[in-house]
Amino acid sequence: MLELQQRNARSASDLVNLVELLIETKQWELAAITLKRAEESKDSHYAINQLLNAKIQLLVQQQHYLKAYNLLGQSFNDVPSFNLYKKMHQFNEQYNLTSGPNEVNFEPQVVIDKLRERQAEDSLNQFTFSRLILDILFYHRRYAEILKIDADDKLPKEYLSRLIDAYPNSPETTLVLYEKLVACYV
């Protein structure tokens, strides 16, 4: 399988698949060389997420946990997404890492504050940032903060049902949310 993949790998995606096979077979040097080829490939921009995952996997296999953590953090700072956030948070919990003074600080409140700053600066992506902030708040079960957002009528209707589910035994809280949810669809 490895030889076949080596002969036929042309695109960045193929090369990343080859890197994953090389990592499985613990051929670290060849994996690093192939990863570099994948990054330099003409179509590497189509496989950005695969490349990131392969880099992180290679760094973890080589026990460079802090480098992998910081790479995730830099990727999140460049293009924030909820999937990257979850990976970063799970990675931090799994390896119990803290970043250095010049590295990425990934405490949930720090991330939310930075996202709010970026949201204020970037009027074109306010929608994206607000959804990402809400996803992070739900991920950490910070429902009281989400209720404050709802009190200001800034909670999108798609999140109302998620918030209702968070309070299964609290009809005084959910009744208002149900009324808002129904009003959205009337």
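This is a predicted model: local features need pLDDT of at least 70, side-chain atom pairs count only at pLDDT 80 or more; totals for chains, interfaces and linings use all residues.
Helices here are DSSP runs of H or I with at least four residues, and strands are runs of E with at least two, numbered from the N terminus. Residues are numbered from 1 along each chain as its sequence is written, and side-chain values use heavy atoms, with hydrogens and water left out.

Most residues other than glycine have a negative phi, and most peptide bonds are trans. Arg141 has a positive phi of about 55° although it is not a glycine. At 65% relative accessibility, Arg141 counts as exposed; that word stands for over 50% relative accessible area, buried for under 20%, and partly exposed for what lies in between, with a 1.4 Å probe and protein chains only. Lys26, in the loop between helix 2 and helix 3, is not a glycine either, yet has a positive phi of about 60°. The relative accessible area of Lys26 is 58%, so this residue is exposed. A further positive phi, near 65°, belongs to Gln63, which follows helix 4.

The expected span of a helix is 1.5 Å times one less than its number of residues. Which residues of helix 3 are buried? They are Ala31, Thr34, Leu35 and Ala38. These residues cover an arc of only 105° around the axis, which puts them on the same side of helix 3; the arc is that of the directions from the helix axis to the C-beta atoms. An α-helix has 3.6 residues a turn, so residues three or four places apart point the same way. The face turned away from the buried side of helix 3 carries the exposed residues Glu29, Ile33 and Glu40.

What do the buried residues of helix 3 pack against? Their partners are helix 2 (12-24) and helix 4 (48-61), where contact means heavy atoms within 4.5 Å. Helix 2 holds Val16, which is buried, with a relative accessible area of 0%. Leaving aside neighbours within four places in sequence, Val16 is in contact with Ala38, Gln50, Leu51 and Ala54.

Helix 4 itself has 14 residues that should span 20 Å, in agreement with the 20 Å between its end C-alpha atoms. Its buried residues are Leu51, Leu52, Ala54, Ile56, Leu58, Leu59 and Val60. The buried residues of helix 4 pack against helix 2, helix 3, helix 5 (65-78) and helix 6.

The axes of helix 6 (residues 82-95) and helix 8 (residues 126-139) come within 10 Å and cross at roughly 35°. Such axes are lines fitted to C-alpha atoms, for helices over the stretch in contact, and the angles run from 0 to 180 degrees between N-to-C directions. On the helix 6 side, Phe82, Tyr85, Lys86, His89 and Gln90 meet Leu132, Asp135, Ile136 and Tyr139 of helix 8. By class, this contact of helix 6 with helix 8 has five nonpolar, two polar and two charged residues.

Next comes Arg116, found in helix 7 (residues 108-121). Arg116 is partly exposed, with a relative accessible area of 34%. Beyond its neighbours within four places in sequence, Arg116 is in contact with Gln109, Ile133, Leu137 and Ile149. The C-alpha atoms of Arg116 and Leu21, 95 residues apart along the chain, are separated by 40 Å. For Val16 and Tyr143, 127 residues apart in sequence, the C-alpha to C-alpha separation is 40 Å.

Our last stop is helix 11 (residues 171-185), whose 15 residues reach 21 Å from first C-alpha to last, close to the 21 Å expected. Thr173, Thr174, Leu177 and Leu181 are the buried residues of helix 11. They cover an arc of only 75° around the axis, which puts them on the same side of helix 11. On the other side of helix 11, Pro171, Glu172, Glu179 and Val182 are exposed. What covers the buried residues of helix 11 includes helix 9 (143-151) and helix 10 (157-166).

Key. Ala, Val, Leu, Ile, Met, Phe, Trp, Tyr, Cys and Pro count as nonpolar, Asp, Glu, Lys and Arg as charged, and the others, Gly among them, as polar.
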